[in-house]
Amino acid sequence: MSTTTAVGGSERLARVLPDALAALHEVLQRHRVTEEEWYAVLRFLTEVGRADEFILLSDVTQTSVLVDAMSHAVDDGATASDVEGPLYREDPPWREAPVRIYEDYDGMGDAEVLFVRGTVTSTSGAPLPGAVIDIWQTGPTGGYDLWDERQPDYNFRGRFGVSETGAYEFQTMVPKPYTVPTEGPVGRYLEAVGQHPWRPAHIHFKVTAEGHEPLVTQVFFPGDPYLENDTIGAVKEALVRPLEQHDGSERGLDAPFSTCDFDIRLRTAAGA
Ligand code: BEZ
Ligand code: FE
């Protein structure tokens with residue numbers, strides 16, 4: 001429902017919008033919402049817009065998860081999708097093999113190195129050597145580069161290719177649970193409705209390959225205290241992947257490390 005088509009008269013908009021307004025009016029009537037309350041709502045939404053927090057609001061009200069579920073409902077063997085969230089950054093650095101998506105920084109502590117690996121194929125199992133993977137995640141101190149002044153810009157972000165067989169591997173660190181941004185109007189909303197702001201630790205993936213539908217997803221890890229209680233409700237069982245512990249000597253590291261296997265299967269694009 002783009003606004004440009006709406007200006008010209010979008011059939012879809014003309015069908016959906018009256019229902020949305022009827023649902024809103026019904027709620028206002030049922031709760032006998034006062035003028036004062038309604039203007040408070042409008043002021044809140046204005047603030048959400050000014051703070052650029054509409055995606056965050058959609059996420060914490062679990063509206064993004066609902067739209068994701070409706071948009072990718074087919075069970076055809078493709079890897080499950082998940083919501084993108086508001087913290088993706090365009091044009092992350094291209095990382096050459098062997099891919100490492102971070103630089104060490106002061107205060108990162110004795111975090112655990114993690115190698116994530118797998119293959120990118122179509123749902124038929126054919127390797128997709130032209131695939132591009134784009135990763136973003138928090139550092140081991142629980143923050144994104146955008147919030148954590150100790151980290152270099154674009155730390156724990158990166159884009160890279162796969163091998164001729166579709167195989168990929170990248171070096172990162174085991175992420176930790178963290179809170180969504182709480183200092184703006186959405187933070188006040190969470191407090192007002194008594195909803196905690198925590199997300200389980202996760203790694204975001206955006207994967208593209210010619211002739212295939214792009215995939216946006218996240219990977220989670222077993223045992224996380226927020227797996228059952230993600231504030232945006234985005235955990236899917238199929239995306240919870242075990243971490244396997246290894247002795248550092250296996251890779252010439254001076255501390256134990258983990259691996260996580262995550263094969264990615266992309267759906268053929270319509271008309272491809
Ligand atoms: C995230 O995982 O990056 C995220 C998702 C929704 C809201 C805030 C952050
Ligand atoms: Fe995230």
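This is a predicted model: local features need pLDDT of at least 70, side-chain atom pairs count only at pLDDT 80 or more; totals for chains, interfaces and linings use all residues.
**Iron site**

I started with the spacing of the iron ion's (ligand 2) donor residues along the sequence, and it reads Y-x33-Y-x23-H-x1-H. Residues are numbered from 1 along each chain as its sequence is written, chains are lettered from A and ligands numbered from 1 in the order written, and side-chain values use heavy atoms, with hydrogens and water left out.

Next I looked up the protein donors (N, O and S atoms within 2.8 Å of the metal, or 3.2 Å for Na, K and Ca). They are Tyr144 (OH), Tyr178 (OH), His202 (NE2) and His204 (NE2), lying 2.0 to 2.1 Å from the iron ion (ligand 2). Tyr144 sits in the loop between β3 (132-136) and β4 (157-161), and His204 in strand β8 (residues 202-208), so this pair ties together parts that are 60 residues apart in sequence. Strands here are DSSP runs of E, at least two residues, and helices are runs of H or I, at least four, numbered from the N terminus.

I checked burial too (buried is under 20% relative accessible area, exposed over 50%, partly exposed in between, with a 1.4 Å probe and protein chains only). Tyr144 is buried at 0%, and His204 is buried at 4%.

**Cavity**

Volumes are the space filled by probe spheres set on the grid points, which are joined across faces, edges and corners.

I found one cavity of 30 Å³ or more, and the largest cavity has a volume of about 90 Å³. It has 14 lining residues, with Gly85, Pro86, Leu87, Tyr178 and Arg199 closest to its centre.

The largest pocket has a volume of about 450 Å³. Of its 28 lining residues, Asp68, His72, Ser81, Asp82 and Val216 lie nearest the centre. Elements giving two or more residues to that lining are α4 (54-60), α5 (63-71), β9 (215-220) and β12 (264-266).

For the second largest pocket I noted about 240 Å³. Its lining has 14 residues, and Ala111, Val113, Met173, Asp254 and Ala255 lie nearest its centre.

Terms used. On a 1 Å grid over the protein atoms alone, a cavity is a set of points where a 1.4 Å probe fits but cannot get out, and a pocket is an open set with protein on both sides within 12 Å along at least five of seven lines; lining residues have an atom within 4 Å of a point.
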